[in-house]
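Q: Could you take a close look at one part of this model for me, the side of one chain that touches its partner, and tell me how far to trust what surrounds that side?

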Amino acid sequence: MTAPTTTTAQQLLQLDGVTVRFGKPGARPALHAVDLAVAAREIVCVLGPSGSGKSTLLRVVAGLQQADAGQVLLEGRDQSAVPTHRRGVGLMFQDHQLFPQRDVAGNVAFGLRMLGTSRGDQERTVTELLDLVGLPGAQRRAVASLSGGEQQRVALARALAPRPRLLMLDEPLGQLDRGLRERLVVELGRVFRELGTTVLAVTHDQGEAFALADRVVVMQDGRIAQTGTPLEVWQRPATEFVARFLGFDNVVEATVQGEAALTPWGKVPVPGGTVDGPCRLLVRPAGVRLTSAREGLPCTVAARTFRGTHVALLLRPKSGPQIEAACALQNAPETGETVGIAFAAQDVVVLDTAAG
Amino acid sequence: MRLGLMAVPLAFFALLFAYPVTAIVGRGLKEGGHWQLGRFTAVLADPDVLHVLWFTVWQAAASTALTLLIALPGAYVFARFDFPGKRLLRAVVTVPFVLPTVVVGSAFLALVGRGGPLDALWGVRLDTSVWAILMAHVFFNYAVVVRTVGGLWGQLDPRQEEAARVLGAGRFAAWRKVTLPALGPAVAAAALMVFLFTFTSFGIVQILGGPTFSTLEVEIYRQTADYLDLPTAAVLTLLQFLAVLVLLALHAWTVRRREAALRLVDASSTARRPCGPGQWALLWGTLAVIAVLLVAPLLVLAERSFAGPDGYGALFYTSLSSAASADSTFAVAPLDALWNSLSYAAAATAIALVVGGLAAAALTLPYSRHRSGESLRAGRLVRGFDALLMLPLGVSAVTVGFGFLITLDKPPLDLRSSWWLVPLAQALVGVPFVVRTMLPVLRAVDGRLREAAAVLGASPWRVWREVDLPMVRRALLIAAGFAFAVSLGEFGATVFIARPDRPTLPVAVARLLGRAGELNYGQAMAMSTILMVVCAGALLALERIRTDQSGEF
């Protein structure tokens, strides 16, 4: 945990040491003493691989899962005795869970009906929300006739309708195809900022999280591994786990001495102010520069993959682990060629080994 | 919450099932406050009892084998073929199952007995042979196999077999390696159900068995009602109880295995028009079996009810409405029995729906809010409760009926002269059907739909009303139909507790059959026909709203 979760102002949502265990008492907990705070109007994305406990986190906040220890506070009030339907939070399920026997309007208006809103208000809100999510006039359509993307929009409208103080999204775009996902993630961000909604979303897709979130929380095995803005997390992954989860594989054993570190790849420059001593080092692919074979560290090109905007290279040095590099299409070497590489200090990150 | 829902069904079973059954067993086996367990050995050493026991087991085994042999091709036809009139035929096939055993007995009596078509054409009478009993059992249970096995078969993804074919398996090998293992537990469950029903067969054997053949249940009735030998009846009851416990445990085990991860698809997408001479022959063969075995007895029954002494006419029907003709068999006009039956069955259905509905709801309550240790224990508790609900299907109805008579006759529960005594006993048999019909549907409701409703602000009661009820409404209607039909046809318990001046239709039919004379016989056929029409009508109405998935029956 790098960013301390100090709570000077009152937070909308606050989790204090929440622990959840499934199965036998000795088993690894699904959530382990999780502390998390979400301020009003903030969009927080919880990012992690499947099984890291992120869905459980949402279920605890919604009251669908009881915490074995710790507290959930909404607007400063402990929620342990409050049943799900009185918490005033919204949850958009991974596979939407639209009510199959109701039409689109019936689904969107459900939460309003539970609040006892008048019929006229219900209709007005439904119309507004369907416009907002880009499905104007879909009120009478059957849920079964909707495409995946349309279902997702209806689910969003349904979750927004009762004006929840906190909206939670469980893998909101998980089942959609790539193009749709990229379009919807932008729309979601627009809708939330327009409405000033407080959002807690979980996803395993970093692109989704970075595009949507004000703040990203990376989870590992039921614990929080790192929190920070998307840029901070991307530029300074705190641990080897976070680095590898973000897709960075150039991680190596190193000993820092002054302005450089000794690694199996030779000397690698490190950012100024790095403490001397042994550590793990990450070099982001952008920080691997190709030079001629005589200069720098000589490597054989083991594989090259065309990635649209660039070419990803897998390089095999004489010693040490393989290295990933990115380069432009024009000057990309062929497989089997020998090249030399140098490292750029601004793309080198010293990782926190303790939690790695 | 779960315990709250369970309370009503538990109290119902404790008071109306466990208490009467233990009381009557106690009365039979206790003398001067001491258990007389020596009676077990005495009764079990009796060659007559051993004979009954042996007959009960082998006829049940033979009936089960015969039913599987005849009904499994039918299950395939219903699962995989698409042909005009399939829905109607599926309903027709189910009619026998909801028919009162007394009607089935009289239908086969009409078909293979004195003056039946076989007798008239070739002089063959089977009504005193074991074949009549076996055929009646196949008739009765054909639907159990077609429904349980065919229902699953239709939902098995044919592409699994295709995958095996592509990997090099022949047509038969693919079926044997892929479909058969998936189907196995369903076949086993259906076979156990048929075995259970035929093991405890009462009405059919009572009517078709004559003095020669008797099952445990018939023997319990004879010992209780004819010889007043309670000790022997008690031992036999316990014996049957133990056998049924074993069968139910096996059934629960196979059902659990059946629920294990199978990939199911919509049944309507797997059926095709038959192609090739082999498939057409199978379809026509199945239709012929249904015509001869299932439809013919019912038609003959109707025919005999109109065949008066002076040619065809409605004589037997008209005579039903006058008490005078009933030469003291009844204190009232036999037709009144129809009204009695309908009102008793309606009351029993209402009770069964409430008790069974609560039980099914308790069984499907999610565990998610509980902690780990609790949910393990809760799981075991629920399974025990589940099994308990099935018991009335197998425990001697005769014992239950007689137990009612001797236990519910003193304050605080003096129901002896109450009108409710009969519906309560009938509801006991209806509850398992309600639970079995509701459970699969309730379990199929995605728990996260309920969660979605709760997050949107619905209280638990609102969740049930908004999410569960719309989905189970059809199942509820079907459960009601089954409970109604089963209550209407209940015979073993009702025969004891129905007051002489308020007989139900099955009781009236049995009384009429028990007396000599053309008129009595004809009247029995006429009343059976009425009962058949009522049951079939109820079922055909239900079939219109039925989905393939709902229920295990």
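A: Happy to! Let's start with confidence: pLDDT is the predictor's confidence in each residue, from 0 to 100. Helices (H or I, at least four residues) and strands (E, at least two) are DSSP runs, numbered from the N terminus. This is a predicted model, in which local features need pLDDT of at least 70 and side-chain atom pairs count only at 80 or more, while totals for chains, interfaces and linings use all residues. Residues are numbered from 1 along each chain as its sequence is written, with chains lettered from A and ligands numbered from 1 in the order in which they are written.

The model scores ipTM 0.79 and pTM 0.70. Now to the contact side: 22 residues of chain A are in contact with 19 residues of chain B, a contact being two C-beta atoms, placed from the backbone, within 7 Å. On chain A, β6 (89-92) and α3 (110-115) each supply at least two residues of that side, and α3(A) gives the largest share, four residues. By type, the side of chain A that touches chain B has 11 nonpolar, nine polar and two charged residues. Here Ala, Val, Leu, Ile, Met, Phe, Trp, Tyr, Cys and Pro count as nonpolar, Asp, Glu, Lys and Arg as charged, and the others, Gly among them, as polar.

Within chain B, helix α3 (residues 47-80) has the highest mean, 89, and helix α16 (residues 372-394) the lowest, 65. Over residues 367-373 of chain B, pLDDT stays under 50. Where pLDDT is low, the predicted coordinates should not be read in detail.
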